[in-house]
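Subject: Structure handover

Hello,

Here is the structure I promised to send over. Please open it next to this email and follow along.

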Amino acid sequence: MQRRYVPVGFRHSYIVPIPKIKDTRVKSMSCNDFRGIAISPIVSKVFEHCVLDRFRTCFSSSEAQFGFKKDLGCRNAIYMARSIVDKIIAGGNTVSICAIDLNKAFDKVNHSSLFMKLMKRRIPLELLELLENWLSESYAYVKWGESWSYIFRISFGVRQGSVLSPVLFSVYIDDIGQLHNNLTGAFVVLYADDILLLAPSVTALQKLLRACEQELDSIDMSLNAKKSCCMRIGVRHDKPCSKITTMDGRELVWADEIRYLGVFIVRATKFKCSVDQAKRSFYRAANSIFARVGRLASEEVMVQLLKHKCLPILLYALEVCNLDKRMLQSLDFTVNRFFMKLFRTSNIEIVRYCQTVFGCELPSILLVKRYEKFLKNFACNPVSLFS
């Protein structure tokens, strides 16, 4: 820190491309279908942890940002979005939502803009010069199987897989989380680069989107209009309305469903999530395990694998999604069907007895317990965007 300099080894990393799409048989893959994860020296990560521990207050972000914060996660962001929707609907309005996808968010961070954001926070000079020295001379290879690319210099972006990169990115886009302060009734919810704009009218949503685009343009970033979309929730959710357009004239699609942080929010009179994709993912995981070890392992082993590997996929974040009775019954039926397959029976009484013996609770029971636990943790770490 005194030298404002990091060793040469800290500047080097190798990048492992991770496919974004789950099923490569659906479409031919391109470079845009991979996410590059940087593998850095462990000692450099230890140093990053030390920097974060000593200067954590310098990297704080607004309450609208839920990513990379202790005791906060995707569930908190989804719950906050649900609370905002309920509040706007209770006021007699229909919520207009825009889910924004950024073009190569982490990989396109402009270092000069990042340093300007940090200077506005008046961070210690030695920390600023250290980060400038570190980011200005970074190098990487690409590793694919046993093959290595030539070394190349990284002149922009922050490394995915680094300790400091997430908090630096939060600082970089933090001003977006404060845009709602300029528009009455509008809100912004962020989780890393996943941005959700919520407004009580289409006009207010257009203004909020325009303000968001202007901020993104000022930091040399842009939204992906093809992957960004809009949706309405409320009594007028099915009424035709004006197009939402970007600054360069591209129109955003009005969708019936929006994927946000792994859950699928659907167009309806109130906040509602679809569980169809969760059930498909559960069946895919359960059948994959069953095909490999189903008749070789004992039933007890299979049930344990189901509880620890498949149920988390089925129930991910659903405790904060306000599921109705029909959806809960659908989730229970999904688990019961697999038990019928495992124990080779169609008798629901036998299935329930087996679930009791092996200590496997149904989703309807688990979600109630998870929601109570979530509310208890939320009370200990309250976050509110309402003034």
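Leu261 is buried, because its relative accessible area is 12% and the cut-off for buried is under 20%. Leu261 sits in the loop between strand E12 (257-260) and strand E13 (263-266). Its backbone deserves a look. Phi of Leu261 is positive, about 55°, although the residue is not a glycine. Keep in mind that this is a predicted model.

Asn322 has a positive phi too, near 60°, and is likewise a residue other than glycine. Look for Asn322 in the loop between helix H8 (299-315) and helix H9 (325-343). Asn322 is partly exposed, with a relative accessible area of 39%.

Asp220 also has a positive phi, near 65°, and follows helix H6.

**Helix H6**

H6 covers residues 202-218, 17 residues in total. From first C-alpha to last, H6 reaches 24 Å. That is close to the 24 Å expected at 1.5 Å a residue. Which residues of H6 are buried? They are Val202, Ala204, Leu205, Gln206, Leu208, Leu209, Cys212, Glu213, Glu215 and Leu216. Note the two glutamates in that list, Glu213 and Glu215. Glu215 comes up again below.

**Salt bridges**

Side chains of opposite charge can pair when their charged atoms come close. How many salt bridges does the model have? The count comes to twelve. Here are some of them.

Asp86 pairs with Arg82. Their closest N and O atoms are 3.8 Å apart, so the pair falls inside the cut-off of 4 Å. Both residues lie in helix H2 (residues 74-90). They are four residues apart, about one turn of the helix. Asp86 counts as partly exposed, because its relative accessibility is 34%. Arg82 counts as buried, at 12% relative accessibility.

Arg121 and Asp174 form another salt bridge, at 3.3 Å from N to O. What does this pair tie together? Arg121 lies in the loop between H3 and helix H4 (125-136). Asp174 lies in the loop between helix H5 (165-172) and strand E7 (187-191). So the pair links parts that are 53 residues apart in sequence. Arg121 is partly exposed, at 27% relative accessibility. Asp174 is buried, at 7% relative accessibility.

Arg153 and Glu137 meet in a salt bridge as well, at 3.6 Å from N to O. Arg153 is in strand E6 (residues 152-154). Glu137 is in the loop between H4 and strand E4 (138-144). This pair therefore ties together parts that are 16 residues apart in sequence. Is Arg153 buried or partly exposed? Arg153 counts as partly exposed, because its relative accessibility is 48%. Glu137 is partly exposed too, at 30% relative accessibility.

There is also a network. Lys117, Asp175 and Glu215 are joined by salt bridges that share partners. Glu215 is one of the buried residues of H6.

**The loop between E3 and H3**

Asn103 is found in the loop between strand E3 (95-100) and helix H3 (111-120). At 25% relative accessibility, Asn103 counts as partly exposed. How far is Asn103 from Glu300? The two are 197 residues apart in sequence and 46 Å apart in space, C-alpha to C-alpha.

Phe106 lies in the loop between E3 and H3. Phe106 is buried, because its relative accessible area is 10%. Phe106 and Phe156 are 50 residues apart in sequence. In space they are 9.2 Å apart, C-alpha to C-alpha.

**Surface charge**

Which residues gather in a patch of positive charge on the surface? They are Lys20, Arg35, Lys104 and Lys227. Arg35 belongs to strand E2 (residues 34-39). Arg35 counts as partly exposed, at 37% relative accessibility, so it passes the patch cut-off of over 30%.

That is the handover.

Best wishes

Methods:
Residues numbered from 1 in each chain as written. Predicted model: local features only at pLDDT ≥ 70, side-chain atom pairs only at ≥ 80, totals over all residues. Heavy atoms only, no water. Patch = residues over 30% accessible without salt bridge, like charges linked within 9 Å, V, L, I, M, F, W, Y side chains within 5 Å. Areas by Shrake-Rupley, 256 points an atom, 1.4 Å probe, with all protein chains shown as cover. Salt bridge = Lys/Arg side-chain N within 4 Å of Asp/Glu carboxyl O. Lys, Arg positive; Asp, Glu negative; His and termini not counted. Charge placed at Lys NZ, Arg CZ, Asp CG, Glu CD. Buried < 20%, exposed > 50% of the residue type's maximum accessible area, 1.4 Å probe, protein only. Expected span 1.5 Å × (residues − 1).
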